[in-house]
Amino acid sequence: MAKRSKLEENYNDSNGELGLALETIGTHANEENKKAEEKEELVKTQKLVNFRISEGLYDEYKKFFGARGITLSRAIRMWLDYGVNEVKTGHLEISEAGIRENALNRL
């Protein structure tokens, strides 16, 4: 009988450890799902960004991009994505003085 209760104790201990491990995995999975849902929600929501531009430039840009089938709003987003990517990859440098090609790329 002593052997049986020892086996039962080991079995119960193993089940307890397994239960804790599964609970930890479940908690981690729930946290990851929550993070993914929050990221997805940020992609779905939009933020209106205002900036000033002369009417002449506005009309010029609108015609320029419109002739290519692109809205001015979409073109601005495309250029922002492009610029950020180019700075991150080191092809361009940006500062208060302006945007310029990274001179190291010419070597």
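Me: Which residues is N105 in contact with, leaving aside its neighbours within four places in sequence?

Reply: With those neighbours left aside, N105 is in contact with G90 and H91, where contact means heavy atoms within 4.5 Å. This is a predicted model, in which local features need pLDDT of at least 70 and side-chain atom pairs count only at pLDDT 80 or more, while totals for chains, interfaces and linings use all residues. Residues are numbered from 1 along each chain as its sequence is written, and side-chain values use heavy atoms, with hydrogens and water left out. The C-alpha atoms of N105 and H91 are separated by 6.7 Å, although the two residues are 14 apart along the chain.

Me: Why does N105 count as partly exposed?

Reply: Buried means under 20% relative accessible area, exposed means over 50%, and partly exposed is in between (1.4 Å probe, protein chains only). The relative accessibility of N105 is 39%, so N105 counts as partly exposed.

Me: What does E86 touch, not counting residues up to four places away in sequence, and what is the nearest side chain of opposite charge?

Reply: E86, which is placed in helix α3, touches H91 and L92 on that count. The nearest side chain of opposite charge is K88, 12 Å away, and E86 is buried yet has no salt bridge; a salt bridge requires a side-chain nitrogen of Lys or Arg within 4 Å of a carboxyl oxygen of Asp or Glu.

Me: What makes the pair of F64 and F65 edge-to-face?

Reply: Rings of Phe, Tyr and Trp (its six-membered ring) pair if their centres lie within 6.5 Å, and planes under 30 degrees apart count as stacked, over 60 as edge-to-face and the rest as tilted. A search of the whole structure finds two aromatic pairs. The centres of the F64 and F65 rings are 5.0 Å apart and their planes stand at 85 degrees, so this pair is edge-to-face. F65 is buried at 13% relative accessible area, whereas F64, at 41%, counts as partly exposed.

Me: How do you know that the rings of W79 and Y82 form a pair, and of which kind?

Reply: Their centres are 5.8 Å apart and their planes lie at 85 degrees, so the W79 and Y82 pair is edge-to-face. Both residues lie in helix α3, three residues apart, about one turn of the helix. W79 is exposed, with a relative accessible area of 53%, and Y82 is partly exposed at 45%.

Methods: Helix = DSSP H or I, 4+ residues; strand = E, 2+ residues; numbered from the N terminus. Lys, Arg positive; Asp, Glu negative; His and termini not counted.
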